[in-house]
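Please read this briefing alongside the sequence and the model.

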Amino acid sequence: MPAVESNMFPLGKKAPAFELVNAVDGKTVRLEDVKSDVATVIMFICNHCPFVKHVQHELVRLANDYQPKGVTFVAINSNDVEKYPEDSPENMKKVAEELGYPFPYLFDETQEVAKAYQAACTPDFYVFDRDLKCVYRGQLDDSRPNNGIPVTGESIRAALDALLNNEPVPEKQKPSIGCSIKWKE
């Protein structure tokens, strides 16, 4: 399966609104419900992709480290579950519970949210400021499956630390690399 890079959503662009069902508890979650006055992190992930599996534990650590500082996190799965049943809402719930995801894990059945965010791969990360303007998009860090670099979340952590310290977010941002979003035909 060839790796795909992020499309690099435009910096400064406002986060597109969404209303999706949380696979864990069945409740509807809107962007307005999870927006933070500090920073909002939106992650496009799934269950089956080796690139996502490689970083799942760091996603939990990252959220647990930054949620007490007022940062909110949301994960969205937009994959075609007919072709990739491992990514079904039932399996999303199972993975979220097994790993202790401290954030909603939303199912984008129509794939409209992924399109609105120009998401291309899993994982794909976006950080929005208090005004929901994009200040970071791209990779979690330089680690990839089998490259020997530890998973630290360094790129996202640098962006969040800058926001928390009222400093500019580093402009040098690398695209994420992962499995392509599995689009419906």
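The points below cover a cavity, a pocket and a helix.

This is a predicted model, in which local features need pLDDT of at least 70, side-chain atom pairs count only at pLDDT 80 or more, and totals for chains, interfaces and linings use all residues. Residues are numbered from 1 along each chain as its sequence is written, and side-chain values use heavy atoms, with hydrogens and water left out.

**Cavity**
- On a 1 Å grid over the protein atoms alone, a cavity is a set of points where a 1.4 Å probe fits but cannot get out, and lining residues have an atom within 4 Å of a point.
- One cavity of 30 Å³ or more is counted, and the volume of the largest cavity is about 90 Å³.
- Its lining has 13 residues, with V55, P123, S143, R144 and I177 nearest the centre.
- Helix α2 (residues 50-66) contributes the most to this lining, three residues.

**Pocket**
- A pocket is an open set with protein on both sides within 12 Å along at least five of seven lines.
- The largest pocket has a volume of about 190 Å³.
- Helix α5 supplies the largest share of its lining, four residues.
- Residues lining the largest pocket include Y136, D142, E154, S155, A158, A159 and K174.

**Helix α5**
- N166, which follows α5, has a positive phi near 55°.

Key: Grid points are joined across faces, edges and corners, and a volume is the space filled by probe spheres set on the points. Helices (H or I, at least four residues) and strands (E, at least two) are DSSP runs, numbered from the N terminus.
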